[in-house]
Amino acid sequence: MRQTTPQADFLRGIWRENPVLIQMLGLCPALAVTNTVANSIAMGVATFFVLTGSSLLVSTFKRWVPHEVRISTYILIIATFVTIADMLLEAVVPTVHKALGAFVALIVVNCMILSRQEAFASKQPIGRSLLDAAGTGFGFIIALLMMGAVREILGNGTFLGFSLFGPNFEPWVIMILPPGGFLTLGLWLLVLSWVERRRAESARVADWPAGVAQRRVA
Amino acid sequence: MTDSPTNPQAQTQEDVPSRKLMVTLAGAGAMAGLMIVFVYGWTQPTIQAYKARMLAAAVQEVLRMPASYDTLYVHDGRLVNQLPDGTSAAGVEAVYLGYDADGSPIGYAIAAGEPGFQDIIGIIFGYDHRDGKVLGMKVLESKETPGLGDKIEKDTAFVGQFEGALTPLLGIKARNATGDPHEIDMITGATISSRTIIRTINNAIERMGPMLEAYDEGTGP
């Protein structure tokens, strides 16, 4: 197996294997609750909490969990943290909790969380699992923020509730409705894949023998 | 996530006794229960306090800003000002009687809930039983589909119709409107949720109406 550093464990989930933008996991909350920046942050933080908590427990108890019942045990652990997150949100930020509605409970079936337990936390030491979970969680928050910012700015003319364009701005209501979620995600993926392709192209050019590269560029 | 035949771990592993599987799951379940009970006990007071604050605000809203209001409890099929000694107010159904600045009653705020599309939709509505008029309606609790069913609380045109509507309410499609004060335009795409609210109000009035009358006669106008 390839040697990894703590930084690599942490950074991998943020960008190169971003759960939403690259792995295409956890799309349900990414589409459903990103109509405002505040909701995106709350959803991202709740998921971050569930993910790190579950990874910590799964990694701690991995030696005692028999292979046959591992998925049930993981789901039980995840569901516990989701219930806790749900109650904490309701106690601390009740209005946000109301806006997120049923989607907090649906974190249980977010495949991003289960995939991190199955693919990583159940095989790795506690420290690495926590770093991996934190990185993936941050990646999820970043992806939700990218969606939420675009949707709230265009769909409501505000950012975190502050008006950006003054009273003459006509909001694009579709951006905060469900179709806007698909549109925004699609456009972000387009941009990212274009950037990725540009980078791959220039990397290939750099690998070519000097003469070829010159001819190709010219 | 399934065990593929090529998974070396699955092949080399011996049969684990089912007792071990049960102990593992029971242990995980017990730990989960303990954690949830601990957090529940810790967060519940805050949540309850917030709910009480929201309820007071909702009573203010659906009775159109009464100068004051009394809490009446349902006890033995009657409304009483005060529960008999030794009974706890927790879990007892209550209605709220609002008064205007002169001290004359405006109407009752009644909380009720019935199953909607996803879960129980809890509402509170103001009701003047003397002329059978709804004063206002507010959704307290709902898990209806975001973007469709949740219009029952976000669509101000729908919520606004309840002010001044006569009971029993009648849900109709907007194109069939005749201007009858019993009519409530239902929301396209939220038919079940809108119908639930109308049904909740009608049923609650049918159930509470006699109690409200009886209370009025008991205290005198």
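In what order do the six strands of the open sheet in chain B stand? The order is β2-β1-β3-β4-β5-β6, with antiparallel pairing. This is a predicted model, in which local features need pLDDT of at least 70 and side-chain atom pairs count only at pLDDT 80 or more, while totals for chains, interfaces and linings use all residues. Residues are numbered from 1 along each chain as its sequence is written, and chains are lettered from A and ligands numbered from 1 in the order in which they are written.

**Sheet of chain B**

- Strands (E, at least two residues) and helices (H or I, at least four) are DSSP runs, numbered from the N terminus.
- Two strands pair if DSSP finds at least two bridges between them.
- The edge strands, each pairing on one side only, are β2 (78-80) and β6 (133-141) of chain B.
- From one strand to the next, the twist averages 30 degrees.
- β1(B) and β3(B) run antiparallel and are joined by six bridges; B:S68 stands opposite B:Y99 in β3(B).
- Five bridges join β3(B) to β4(B), also an antiparallel pair, and B:Y96 stands opposite B:A109 in β4(B).
- The hairpin of β3(B) and β4(B) has five residues between the strands, and B:G103 in this hairpin takes a positive phi near 90 degrees.
- Strand β5 (residues 120-128) of chain B runs antiparallel to β6(B), with seven bridges between them; B:I123 has B:V139 as its bridge partner in β6(B).

**Helix across the sheet**

- Helix α2 (residues 18-62) of chain B lies across β1 (68-75), β3 (94-99), β4 (105-115), β5 and β6 of chain B, and runs at about 155 degrees to β6(B).
- Axes are lines fitted to C-alpha atoms, for helices over the stretch in contact, and angles run from 0 to 180 degrees between N-to-C directions.

**Helix pair in chain A**

- The axes of helix α3 (residues 37-60) and helix α4 (residues 70-92) of chain A come within 9 Å and cross at roughly 140 degrees.
- That angle makes α3(A) oblique to α4(A) (under 35 degrees is roughly parallel, over 145 roughly antiparallel, 65 to 115 roughly perpendicular and the rest oblique).
- Residues of α3(A), including A:F49 and A:L57, meet residues of α4(A), including A:F81 and A:L89; contact requires C-beta atoms, placed from the backbone, within 7 Å.
- The residues of this contact of α3(A) with α4(A) comprise 13 nonpolar, two polar and no charged (Ala, Val, Leu, Ile, Met, Phe, Trp, Tyr, Cys and Pro count as nonpolar, Asp, Glu, Lys and Arg as charged, and the others, Gly among them, as polar).

**Contact between the chains**

- Chain A contributes 25 residues to the contact and chain B 24 residues.
- On the side of chain A that touches chain B, α4(A) gives the most, with 12 residues.

Technical notes
Contact = placed C-beta atoms within 7 Å.
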